[in-house]
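Me: I have a model open and would like to learn how to read it. Can you take me through it feature by feature?

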Amino acid sequence: MIFCKIENAVVVDRIIADDLPSDWPDLSSWVQEDEAQIGWGYTGGAFIPPPAPVLPVDVPAEISRRQFFQVLANRQLISKGEALTAVTAGTLPAALDALVSQILDEDIEWEARMLFAGAQTFNRSNGFVDFFGAMQGMSTVDLDQLWRDASVLD
């Protein structure tokens, strides 16, 4: 038989034994149960397996222009009006314009402006995305989550 030790309504230990002697330490905290594992809950005389772990969602390779600007507005990095103007007219929001203006190399700045103003999709692997994130104080994890959040916007 397998006995499970319960502490604070959670299985914290398991042992195999034919029976537990009456002088077993903390005898009242042990319950006979063959299936329960360490980490399972125990309430009302029933063992409850923990929830399945939530697996991270893959980071999409690209998001649409609309998704990009909409998620920025949802996170209040730009205004809703700026997002709409960026999508409809290709006008860079002030925050993006300020970031791109900080690029010292004129040719690279022009490439960044062309990307942000004219791209129909934004690729997560594009170096300008990492530049944008760094200038916003965002980590790679933050950018990946931004991409995930954007990808589910209908």
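This is a predicted model: local features need pLDDT of at least 70, side-chain atom pairs count only at pLDDT 80 or more; totals for chains, interfaces and linings use all residues.

Me: How many salt bridges does a search of the whole structure find?

Reply: The test is a side-chain nitrogen of Lys or Arg within 4 Å of a carboxyl oxygen of Asp or Glu. The search finds seven salt bridges.

Me: Which residues form a salt bridge with Lys5?

Reply: Glu7 is one partner, with the closest N and O atoms 3.5 Å apart. Asp26 is another, at 3.3 Å from N to O. The Asp26 pair links distant parts of the chain: Lys5 is in strand E1 (residues 2-7), while Asp26 is in the loop between strand E2 (10-16) and strand E3 (30-32), 21 residues apart. As for cover, Lys5 counts as buried because its relative accessibility is 14%. Glu7, at 37%, counts as partly exposed, and Asp26, at 49%, also counts as partly exposed.

Me: What should I look for in the backbone angles?

Reply: Most residues other than glycine have a negative phi. Here Asn8 has a positive phi near 50° and is not a glycine. Ala9 is not a glycine either, and its phi is positive at about 65°.

Me: Where are Asn8 and Ala9 in the chain?

Reply: Asn8 lies in the loop between E1 and E2, and Ala9 is placed in the loop between E1 and E2 as well. Asn8 counts as exposed because its relative accessibility is 76%, whereas Ala9, at 40%, counts as partly exposed.

Me: Which residues form the negative surface patch?

Reply: Asp and Glu count as negative. The patch is formed by Asp105, Glu106, Asp107 and Glu111. Asp105 is found in the loop between helix H3 (94-101) and helix H4 (106-118). With a relative accessibility of 37%, Asp105 counts as partly exposed.

Me: Now the whole chain. What pattern does the chain follow along the sequence?

Reply: Begin with the element count: six helices and seven strands. Read along the sequence, their order is β-β-β-β-β-β-α-α-α-α-β-α-α.

Me: What radius of gyration does the chain have?

Reply: Compare the value with that of a compact globule. For 154 residues such a globule would have a radius of gyration near 15 Å, but this chain has 27 Å. The C-alpha trace spans about 80 × 30 × 20 Å along its principal axes. Buried residues make up 34% of the 154 residues.

How values were computed. Residues are numbered from 1 along each chain as its sequence is written. Side-chain values use heavy atoms; hydrogens and water are left out. Patches are made of residues with over 30% relative accessible area and no salt bridge: like charges are joined within 9 Å, nonpolar side chains (Val, Leu, Ile, Met, Phe, Trp, Tyr) within 5 Å. Accessible areas come from the Shrake-Rupley method with a 1.4 Å probe; for residues, only the protein chains shown count as cover. The place of a charge is taken as NZ of Lys, CZ of Arg, CG of Asp or CD of Glu. Helices (H or I, at least four residues) and strands (E, at least two) are DSSP runs, numbered from the N terminus. Buried means under 20% relative accessible area, exposed over 50%, partly exposed in between (1.4 Å probe, protein chains only). The radius of gyration is taken over C-alpha atoms; the globule rule is 2.2 Å times the number of residues to the power 0.38.
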